[in-house]
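Let's take a look at the ligand site and the pockets in this one. Here is the structure to keep beside you as you read.

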Amino acid sequence: MPATSKPVRVPDLKDRKKRGEKIVMLTAYDATMARLLDRAGVDVLLVGDSLGMVIMGCETTLPVTLEAMLHHTRAVTRGARRALVVADMPFLTCQTSIPEAVRNAGRLIQEGGAAAVKVEGGRPVIEAVARLVEVGIPVMGHLGLIPQSVHQLGGFRRQARDEQDAEVLLRDAKALESAGAFALVLESIPAHVAREVTAALRIPTIGIGAGPHCDGQVLVSYDIFGLYEGPLPPFVKQYARLGETMVAAAEAFAGDVRQGRYPAPEAGARE
Ligand code: KIV
């Protein structure tokens, strides 16, 4: 549990980096999960567009709409007390024009209740990120494996594996920091590249499949709890098998109903 129950604010993350304290982030998509993760002392709840896969059953994050993100962000912000809530900007909600990016991010803050938005990509979104920050919307960047570009990348593959790609990533990371991003997710890149980026930035990096040198770590909650049945990335550590527990509980309920053990005779009757 965290030493304090004081709410986590955007500037706190930079201070954490200065003090060498690791940042803990998990995805959440509903109020119940948000409440539980908040109780566990998770610092940042990411309403990830991974909800397309884990909640909607899609193969990628691409079908996720702004309306879907708003729906889930509202639920998460109702459940969160201490944790900072960050909402993903879904596919093409930040890239078509700057006014459109401001409008869409503004809705996630104003209607969804998020404290910040997360934007995937480097050079193509820098101007939009700068404008969002200028109008008062905190932005978390996301580089490396950016799932919204899954088709262009040829699948969910490790990125920045050669020196040239690593240099581009470092350049994009610095550009995002200069544009005012307050933190940066680094997904599926070699540990030594993540270490170099982390050392080069004043803002914290939050890794997922990027090794131990980042300033924090994030994973998809359904993956670590053993709830998602699709293939898991190799870097995921499962901390529970809640899917198995739920199946066993549902089987026990079904058995009780079919055998007449539930409800117990007269139990629960309020006549
Ligand atoms: O959508 C998401 O859940 C994410 C995390 C995996 C970083 O972007």
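The ligand sits in the largest pocket of what is a predicted model. That pocket holds about 690 Å³ of space, and 35 residues line it, with Met 53, Phe 156, Glu 187, Val 220 and Pro 233 nearest its centre. Strands S1 (23-27), S4 (116-120), S6 (183-187) and S8 (216-219), along with helix H3 (51-54), each give two or more residues to the lining. Sorted by class, the lining comes out at 19 nonpolar, seven polar and nine charged residues.

Now for the ligand itself. Its shell is made of Thr 27, Leu 46, Gly 48, Asp 49, Ser 50, Asp 88, Lys 118, His 142, Ile 208 and Val 220, which split into three nonpolar, four polar and three charged.

| Side chain | Distance to a ligand oxygen atom |
|---|---|
| Asp 49 | 3.1 Å |
| Ser 50 | 2.5 Å |
| Asp 88 | 3.1 Å |

On its own the ligand has 260 Å² of accessible area, and the protein covers 96% of that.

What about the second largest pocket? Its volume is about 590 Å³. Of its 23 lining residues, Gly 121, Gly 122, Ile 146, Ser 149 and Asp 172 are closest to the centre. Strand S5 (139-144), helix H7 (150-153) and helix H8 (163-179) each supply two or more lining residues, and H8 has the largest share, at five. By class, this lining has 10 nonpolar, eight polar and five charged residues.

Note on methods: Residues are numbered from 1 along each chain as its sequence is written. This is a predicted model: local features need pLDDT of at least 70, side-chain atom pairs count only at pLDDT 80 or more; totals for chains, interfaces and linings use all residues. Side-chain values use heavy atoms; hydrogens and water are left out. A residue is near a molecule or strand if one of its heavy atoms lies within 4 Å of it. A polar contact is a pair of N or O atoms within 3.5 Å; within protein, one must be able to donate a hydrogen and the other to accept it, and residues adjacent in sequence count only if both atoms are side-chain atoms. Accessible areas come from the Shrake-Rupley method with a 1.4 Å probe; for residues, only the protein chains shown count as cover. On a 1 Å grid over the protein atoms alone, a cavity is a set of points where a 1.4 Å probe fits but cannot get out, and a pocket is an open set with protein on both sides within 12 Å along at least five of seven lines; lining residues have an atom within 4 Å of a point. A molecule sits in a cavity or pocket if more than half of its atoms lie within 2 Å of its grid points. Ala, Val, Leu, Ile, Met, Phe, Trp, Tyr, Cys and Pro count as nonpolar, Asp, Glu, Lys and Arg as charged, and the others, Gly among them, as polar. Grid points are joined across faces, edges and corners, and a volume is the space filled by probe spheres set on the points. Helices (H or I, at least four residues) and strands (E, at least two) are DSSP runs, numbered from the N terminus.
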